[in-house]
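Reader: Could we go through this model together? I should like to begin with the strands and then move on to the helices and the core.

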Amino acid sequence: MSVALPHMPRGARRRAMGVLALLVGVGVAVALALLALRENINLFYSPSEVAAGEAPTGRVVRVGGLVQAGSVRRAEEGLDVEFVLTDGAATVTVRYRGILPDLFREGQGIVAQGRLGPEGVLVADQVLAKHDENYMPPEVADALREAHERSVRGAAPGGAP
Amino acid sequence: MTAELGHLALALALALAALQAVLGLGGGARGDAAWIAGALGAARGQALLTVIAFAALTWAAVRSDFTLLYLAQNSNSQLPLLYKITGVWGAHEGSLLLWGMVLALWGAAVAIQGRRALPAAFLARLVGVLGLVGTGFLAFLLLTSNPFERLWPPPPEGRDLNPLLQDPGLAAHPPLLYMGYVGLAVPFAFAVAALLEGRMEAAWLRWARPWAAVAWVFLTLGIAIGSWWAYYELGWGGWWFWDPVENASLMPWLVATALIHSLAVSEKRGAFKGWTVLLAVLAFALSLLGTFLVRSGVLTSVHAFASDPTRGVFILVLLLAVVGGSLLLYALRGERLGVSDVRFAPVSREGALLANNALLLAAAGAVLIGTLYPLVLEALGGAKISVGPPYFNAVFLPLVAPLVALTAVAGVLRWKRDAVGRLARLLWPAGLAALGAGAAAVPAARAHLAAAAGVALAAWLAGGIAVALWQRARHQGLRGLARMGRAEAGMHLAHLGLAVTVVGVSLAGPLELARDVRMGAGDAVRLGGYLFRLEGFTRVQGPNYEGVRARFRVLDGDGRMVARLFPEKRRYGSRTDMPMTEAGIEAGAFRDLYVSLGEPIGKTGDWAVRVHVKPFVRWVWGGALLMALGGLWAASDRRYRMGVRLRRAAVAVEEPA
């Protein structure tokens with residue numbers, strides 16, 4: 001292209017330079033974006049995947065599931081709270097300090113974001129519930145369905161449950 | 001009966017929209033006056049019919065007619081009248097009906113107003129394209145999301161409107177946002193009509209500018225009110241979360257901002273025409289994408305409401321048709337718009353506006369990547385991920401900062417060619433202002449140098465505007481300032497709004513103080529020089545809710561009372577399992593005091609309480625308001641209507657007596 005440039009008419013050359021500048025700009029922007037993405041994405045895991053040891057410890061992850069009935073415990077002092085997330089097949093204990101969202105309650109599908117500690121406890125810095133009581137975060141719905149399918153598949157060879 | 005009337009009106013509106021498309025596009029191609037008149041008439045009829053349909057649904061909501069499935073799910077006889085009405089657009093079907101009605105109203109407005117300004121054949125094509133969009137949308141509404149579906153037997157009581165939406169902010173937010181989204185259909189139709197016509201004249205571009213500006217104004221207001229609503233209603237004190245639903249409205253806004261600037265160059269200098277067409281297509285496509293993202297439920301969002309994926313597919317097909325069709329048309333006909341031989345140097349107003357467009361598009365692209373990346377990755381069978389605010393801050397802010405800096409320069413730049421030396425001689429006071437403001441902000445911003453840099457940037461922009469005004473006053477005297485056209489004055493006002501928003505964004509986040517504490521009656525907590533004392537609780541009884549109200553007294557460092565705050569936790573009658581937080585806020589020009597109740601904890605009557613001191617948070621929305629005012633002022637410029645009179649005069653001359 002650099003060879004062709006001197007022979008091109010002025011207008012075409014200017015246009016070619018413009019297009020080239022645009023491409024370089026877009027390329028740089030996309031590269032920056034992808035670099036930033038690599039460092040700032042949060043992977044989602046279901047409680048079954050956490051139990052199977054698939055989730056990394058020490059980096060920010062998201063875990064979603066239903067809040068197990070009777071599992072929510074508030075500390076006597078302060079704002080520490082502990083609860084258990086389940087997808088029907090496995091559970092993860094979540095620790096959090098702070099105010100839970102309005103729609104947080106037992107039996108509700110929620111997503112907790114934080115780091116997994118060594119004993120498999122998720123120390124959350126964010127707990128997300130939704131605006132609408134009928135709404136289930138898509139990841140949580142998928143996690144529940146997969147856990148259910150696994151249990152059905154697991155039960156099938158052994159005959160009737 | 002009302003519902004059947006509404007349903008019928010909607011079906012007829014669909015038929016008229018299709019007719020409008022056929023007559024408009026056909027009439028434009030054949031130059032047939034009868035067809036063209038028919039298309040313009042159909043546009044008005046379609047608007048009337050959608051208004052009837054919308055009125056029918058509203059009337060049914062006011063009368064609490066729960067034989068309608070939509071109302072049975074989203075309304076309640078105990079709702080205050082205001083929320084019975086605003087509840088009409090509180091959920092999927094009703095909000096899409098609003099979308100359809102707004103589209104038809106824009107179409108009718110174009111059909112009426114355009115007759116005085118545009119050649120008949122071009123206007124017919126424009127209205128025809130709007131009819132095509134309307135056909136797709138009304139078909140979507142009737143086939144997948146009919147708001148008039150009956151439910152038999154009717155339930156004795158409706159399930160109620162989501163309590164989060166029982167708020168004056170929600171009364172305004174969706175209609176404004178939709179006016180903006182749908183308003184971008186006009187520049188889109190304009191671009192497609194120009195491609196069909198094979199040319200794009202300066203007079204037409206002059207006609208299109210205020211339409212694009214007004215759509216942009218609505219979008220700006222809709223986003224700002226949505227952010228404000230999230231701030232006071234969600235109870236977290238945040239005003240922007242980089243959430244997919246928010247991004248869905250930000251992307252069309254960014255592209256629409258690029259569009260109004262590119263339109264200016266196309267009209268004034270005849271350059272960037274093909275680019276303007278592409279931006280118009282892209283802005284409307286992103287509006288549709290926004291509707292798709294919000295309404296399909298494919299993304300995890302803090303604002304997501306129950307939604308239905310099958311409907312998303314329909315919008316996606318509509319989106320592909322719009323984008324694919326118009327890009328194909330651009331590939332086939334784009335050349336005819338004429339490759340401009342307009343020359344300009346890199347240092348010129350054209351050059352600055354080109355950079356403005358590149359930066360805005362890159363910013364929109366960065367937001368798009370972050371928003372869609374989780375979707376794409378999951379569709380490819382990859383991991384399930386979410387992209388958090390750190391990504392958006394890391395990518396978006398470095399793109400926007402040079403944009404703001406450039407805005408100050410563009411205000412004084414000359415068209416065609418300018419000299420760096422001249423700019424430096426003009427803008428040094430703005431540079432001084434930036435340095436001064438930045439240095440002044442350093443102690444207040446403490447460790448946050450980025451916040452101080454933001455303030456410096458805002459001061460640079462404000463200084464640049466002052467220099468531009470001073471230049472005008474110096475050359476033409478104060479009378480020149482007073483005579484400044486509305487387009488120019490509006491531009492400066494909108495840019496000033498940008499500076500104000502930049503101050504808000506720079507300071508509200510980094511300087512925010514927040515604490516989650518456990519408090520009982522009589523407890524106090526100290527935050528940022530203020531003492532928040534919880535005096536006690538009272539029960540409250542609203543029209544359709546009951547709740548607990550906490551009484552807070554806020555004292556400053558000298559023990560003087562500065563505010564009394566009354567945050568509430570409400571439970572709405574029909575949805576007692578969905579508690580609502582009403583934050584107690586003392587708004588101020590330089591700081592907000594904000595208290596929200598979490599939940600009761602323990603047996604001693606303690607509550608989890610979140611206390612905030614938020615400096616400069618009002619500036620975020622105040623700036624947006626200034627931008628919107630500037631946009632409106634610019635759109636009302638006489639120049640945009642002058643072409644009309646000139647053309648009429650020309651026609652009068654041409655026509656034999």
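Reader: Which strand of chain B is joined to β1(A), and in what sense do the two run?

Author: In this predicted model, three bridges join β1(A) to strand β1 of chain B (residues 385-387), and the two run antiparallel. Strands are DSSP runs of E with at least two residues, and helices are runs of H or I with at least four, both numbered from the N terminus. Two strands pair if DSSP finds at least two bridges between them.

Reader: What stands opposite N42(A)?

Author: That is S386(B), in β1(B).

Reader: Which strand of chain A pairs with β1(A)?

Author: Strand β2 of chain A (residues 60-67) pairs with β1(A) in the parallel sense, over three bridges. Within β2(A), R62(A) is the bridge partner of F44(A).

Reader: Is β1(A) largely enclosed or exposed?

Author: Four of the five residues of β1(A) (residues 41-45) are buried, so the strand is largely enclosed by the rest of the structure. A residue is buried if 20 or more other C-beta atoms, placed from the backbone, lie within 10 Å of its own; with 12 or fewer a residue is exposed, and in between partly exposed.

Reader: How are residues and chains labelled, and what pLDDT limits apply?

Author: Residues are numbered from 1 along each chain as its sequence is written, while chains are lettered from A and ligands numbered from 1 in the order in which they are written. Because the model is predicted, local features need pLDDT of at least 70 and side-chain atom pairs count only at pLDDT 80 or more, whereas totals for chains, interfaces and linings use all residues.

Reader: Turning to α10(B), what span should it have?

Author: Helix α10 of chain B (residues 244-269) has 26 residues and should span 38 Å at 1.5 Å a residue; its end C-alpha atoms are 37 Å apart, which agrees. The expected span is 1.5 Å times one less than the number of residues. Of its 26 residues, 24 are buried, so α10(B) is largely enclosed by the rest of the structure. Just after this helix, G270(B) takes a positive phi of about 75°.

Reader: Which residues touch the most other members of the largest nonpolar core?

Author: They are A185(B), V255(B), A256(B) and A363(B), in a core of 268 residues. Helix α9 of chain B (residues 202-233) gives the largest share of this core, 21 residues. Such a core is a set of buried Ala, Val, Leu, Ile, Met, Phe, Trp, Tyr and Cys residues joined through C-beta atoms within 7 Å.
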